[in-house]
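This briefing goes through one protein chain, topic by topic. Keep the structure in view while reading.

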Amino acid sequence: MKLRWLGHSAFELISNNGLGILVDPFIQANPACPLKISDVNPDVICITHGHADHFGDVVEIARNNPNLVVITNYEISIYLQRKGVHAIGLNYGAFVRIDDVEIRMLEAKHSSTFDFEIDVKYAGNPGSFLFTFDDGLKVFHAGDTGLFSDMKFVIGEIYKPDIALLPIGNIFTMDPQEAAIASRWINPKFVIPMHYNSFPSIAQDPEEFKKSAHNCKTLIPKVLETLEF
Ligand code: NI
Ligand code: MN
């Protein structure tokens with residue numbers, strides 16, 4: 001599996017079969033992402049919640065890519081279906097299998113609205129995703145979240161991800177110290193911080209997180225750097 005950080009919470013995962021998964025496709029308005037939407041060509045997009053910095057450019061990407069499948073929560077899937085996008089709505093604990101990957105929606109403690117709409121519409125429950133690849137590798141993308149005890153009892157003890165992508169920015173999510181507790185509770189082999197430094201309000205030093213998340217190896221990729229697992 002190849003993993004590429006696109007800045008903020010946007011990640012591209014490429015399975016061994018070549019299935020391209022884009023999580024939280026915040027491209028055009030993402031100050032940390034140098035790509036244009038024409039530079040990405042995913043097979044699957046996963047959206048953790050409705051906020052603009054996660055929902056991102058999904059509608060535009062789907063317009064250029066008629067075979068795209070979007071995996072998200074039920075409410076966002078309805079919203080997207082009404083815009084002609086092929087979307088599958090999940091709720092907590094459920095999964096779909098696409099090619100050589102199982103994609104499961106799990107919990108996040110956050111909010112979820114279409115904050116880019118004038119009347120700030122409800123967008124279901126915020127989620128996280130567990131990707132289980134056919135070679136056994138498991139990647140957990142936490143979405144936007146605060147710390148919660150089921151990171152230990154459900155995500156850590158039941159699902160046991162190998163790689164955890166955790167927000168550290170504070171203001172909207174966990175700060176580095178809380179994220180380090182999440183890292184200890186989830187206890188993956190590798191942890192990758194996200195949702196920091198894309199805006200001035202979430203400026204953080206990922207090395208501070210690394211110092212506290214001493215249970216496992218912290219990887220701090222540069223934007224667009226590809227890591228192989
Ligand atoms: Ni959010
Ligand atoms: Mn966010």
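Seven strands make up an open sheet, in the order β7-β8-β11-β12-β13-β14-β15, and their pairing is mixed. The edge strands are β7 and β15 (217-218), each of which pairs on one side only. The model is a predicted one.

**The sheet**

- Strands of a sheet pair through backbone hydrogen bonds, and they can do so in a parallel or an antiparallel way.
- Strand β13 covers residues 163-167 and pairs with β12 in the parallel sense, over three bridges.
- Within this part of the sheet, V139 stands opposite I163 of β13.

**Helices on the sheet**

- Helix α4 (residues 150-159) packs on the sheet and touches β8 (101-107), β11 and β12.
- The direction of α4 makes about 160 degrees with that of β8.
- Helix α5 (residues 176-186) also packs on the sheet, where it touches β12, β13 and β14 (190-194).
- The direction of α5 makes about 160 degrees with that of β13.

**A closer look at α4**

- Which residues of α4 are buried? They are M151, I155, G156 and Y159.
- These residues cover an arc of only 110 degrees around the axis, so they lie on the same side of α4.
- What do the buried residues of α4 pack against? Their partners are β8, β11, β12 and α5.
- Just after α4 comes K160, which takes a positive phi of about 45 degrees.

**Salt bridges**

- Side chains of opposite charge can pair when their charged atoms come close.
- Are E12 and R4 buried or exposed? Both residues are buried.
- R97 and D134 meet through their side chains in a salt bridge, at 2.6 Å from N to O.
- This pair links distant parts of the chain, as R97 is in strand β7 (residues 95-98) and D134 is in the loop between β11 (127-133) and β12 (138-141), 37 residues apart.
- E208 and K211 are three residues apart in helix α6 (residues 206-212), so about one helical turn separates them.
- E208, at 34% relative accessibility, counts as partly exposed, whereas K211, at 59%, counts as exposed.

**The chain as a whole**

- The protein chain has six helices and 16 strands.
- Its radius of gyration is 16 Å, close to the 17 Å that the globule rule gives for 229 residues, so the protein chain is as compact as a globular protein of that length.
- Along its principal axes, the C-alpha trace of the protein chain spans about 45 × 40 × 30 Å.
- How many of the 229 residues count as buried? The share is 55%.
- Among contacts between residues at least 6 apart in sequence, 62% join residues at least 24 apart.

Technical notes: Residues are numbered from 1 along each chain as its sequence is written. Chains are lettered from A and ligands numbered from 1 in the order in which they are written. This is a predicted model: local features need pLDDT of at least 70, side-chain atom pairs count only at pLDDT 80 or more; totals for chains, interfaces and linings use all residues. Side-chain values use heavy atoms; hydrogens and water are left out. Buried means under 20% relative accessible area, exposed over 50%, partly exposed in between (1.4 Å probe, protein chains only). A salt bridge is a side-chain nitrogen of Lys or Arg within 4 Å of a carboxyl oxygen of Asp or Glu. Helices (H or I, at least four residues) and strands (E, at least two) are DSSP runs, numbered from the N terminus. Two strands pair if DSSP finds at least two bridges between them. Contact means heavy atoms within 4.5 Å. Axes are lines fitted to C-alpha atoms, for helices over the stretch in contact, and angles run from 0 to 180 degrees between N-to-C directions. The arc is that of the directions from the helix axis to the C-beta atoms. The radius of gyration is taken over C-alpha atoms; the globule rule is 2.2 Å times the number of residues to the power 0.38.
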